[in-house]
Amino acid sequence: MTEHLDVVVVGAGLSGIGAAATIVRRMPGASLAVLESRDVIGGTWDLFRYPGVRSDSDMYTLGYAARPWPGEKAIADGDDIREYVRRTAEDTGVRDRIRFRTRVVAASWRSDRARWELTLLHRDPTATGEWHEGETGTRTTITCSFLFGCTGYYRYDEGYSPEIPGLRDFAGPVVHPQHWPADLDPAGKRFVIIGSGATAVTLVPALAKRGAHAVMLQRSPTYVAAVPSRDRLAVRLKGRLPAPLAYRVVRAKHILGRIALYEYARRRPAAMKAVLRNAAKAKLPDSFDVDTHFAPRYDPWDQRLCAAPGGDLFRAISAGDADVVTDRIDRIDEHGVRLASGGRLDADVLVTATGLNVLVLGGIRLDVDGRPVDPGRTMAYKGFMLAGVPNLAYTIGYTNSSWTLRADLVANGVVDLLQRMRRRRTPVVTPQAPVDAGPTAPIIDLAAGYIRRGLAQLPRQGARSPWKVHQNYLRELVLFRLDPRRRALRFEPAARRA
């Protein structure tokens, strides 16, 4: 007999563990399984192991609302975040519901049974590393009433590697941060990091701290802002208020501060540019060309701002242990990089911090009664359900704040729906797209390269609620909890879809 579950969560990373913990806490009687394709808990925070890997959001909002962040660092190391997620899974009972090395390859909605039929691929016991396309294993089938995708938005098996002339000619190691070799010792080596995003901004000072000389080679500059490594308010409140109350106070401060910063940047971009430029200039040597290397042409938050805890990137540059070069690559040769300007950068190790490959819903093939579903051609209800697709939710976080703020909203929104379905005895809920949706845009509204490359895969958002993601936690908190426009959702008994 085919196993049936009330809810299946796909993914045991930060959002998947949070979603499962929310369901266990609020619906303890629900049958639940978490399907994880890898061997371990942690998702992103287990996959990325490059030197210095850390959060780029404060942990008071990247941590779960119901699970106060226990550390003192506002910007936490990857190891600490991975342990936090693992402990959450253990302490909430979610750990026992995880089925590792299990990938969902297809999900078919069956209206006559009001349930999803999932095709699972169980990895061969001898296989190692990340899953790759075409990998075989044992296939099984289970069914569930509700499917909840918490798979992130990028491929784990490979990062984005553009064609770089001569890259194969380089004599030393060429490393992508997504698959950092555990035995690579940076001490005494010259690194050239190709890229200018959050990963490069993290790697450069971390490598310098480990005895390497690191150069960040970028085609165009990125906004980098120094942020405190520790939160002074959190330190002051420690021992003076009960820990849960102190956490809520500090969390609220960060939520409001992020919203205010974002709104200021979008409404007064020239002023925000000046603030970021002057802050960088104050932390760098007088001879450093800030306008060339840290003053992008685009407005702040057209792409995500990069955080430098304690100004670590600026300190490494000032100390002479790191540098930034803004130029284009002419060609890679045996010993380093020839630049379009005629200069060169000698290197012992090249790091291609060139981004991610977008993958929506973990690449699961979806169909509704045999009709294939293309998320990239589908409207998104409140940024977490697909129009015309019953009993399916997914998590995509904020681009201007921490991922978990929105993941928590979505997890609680899903439980609200499940409880409402039970009360009304309507086991099927389907978002109904408006007849005249008007202009649409991708659900992730960044101009980053990896988003532009993956636009065709991303669900669409409209111009008005409930079809728009507002990138404002407080506004969405109200919309998720109090929004009366649930008429966009159709609740039905199973018999009506037979």
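**Notes on the strands, rings and a surface patch**

1. Let's start in the sheet: Trp116 stands opposite Cys144 in β6. Keep in mind as you look around that this is a predicted model. The strand facing β6 here is β5 (residues 115–123), and the two run antiparallel, joined by 8 bridges.

2. Strand β1 (residues 4–10) pairs with β6 (residues 137–149) in the parallel sense, over 6 bridges.

3. Which strand does β6 join through 3 bridges, running parallel? That is β21 (residues 392–394). Look for Leu147, whose bridge partner in β21 is Leu392. While you're browsing these strands, remember that in a regular strand the side chains alternate between the two faces of the sheet.

4. Now the rings. You'll find 18 aromatic pairs in the structure. One of them is Tyr154 with Tyr156, a stacked pair with 5.1 Å centre to centre and 15 degrees between the planes. Is Tyr154 buried or exposed? Tyr154 counts as buried because its relative accessibility is 7%, and the cut-off for buried is under 20%.

5. Another pair to look at is Tyr381 with Trp467, which is edge-to-face: the centres are 5.7 Å apart and the planes make 75 degrees. Tyr381 belongs to strand β19 (residues 380–381), while Trp467 lies in the loop between β24 (460–461) and α13 (473–482), so this pair ties together parts that are 86 residues apart in sequence. Both Tyr381 and Trp467 are buried.

6. Tyr154 and Tyr156 also belong to a cluster linked by ring pairs.

7. Arg453 lies over the face of Tyr160, at 3.4 Å from the ring centre. Lys382 has its charged end over the ring of Phe480, 5.5 Å from the centre of that ring.

8. Last, the surface. Leu241, Leu245 and Val249 make up a nonpolar patch there, with about 190 Å² of accessible area together. Where is Leu241 placed? Leu241 is in the loop between α6 (232–237) and α7 (243–267). Leu241 counts as partly exposed because its relative accessibility is 31%, and that label covers values between the 20% and 50% cut-offs.

Definitions and conventions. Residues numbered from 1 in each chain as written. Predicted model: local features only at pLDDT ≥ 70, side-chain atom pairs only at ≥ 80, totals over all residues. Heavy atoms only, no water. Patch = residues over 30% accessible without salt bridge, like charges linked within 9 Å, V, L, I, M, F, W, Y side chains within 5 Å. Areas by Shrake-Rupley, 256 points an atom, 1.4 Å probe, with all protein chains shown as cover. Salt bridge = Lys/Arg side-chain N within 4 Å of Asp/Glu carboxyl O. Helix = DSSP H or I, 4+ residues; strand = E, 2+ residues; numbered from the N terminus. Buried < 20%, exposed > 50% of the residue type's maximum accessible area, 1.4 Å probe, protein only. Phe/Tyr/Trp six-rings, centres within 6.5 Å; stacked < 30°, edge-to-face > 60°. Lys NZ or Arg CZ within 6 Å of the ring centre and 35° of its normal. Pairing = 2+ DSSP bridges.
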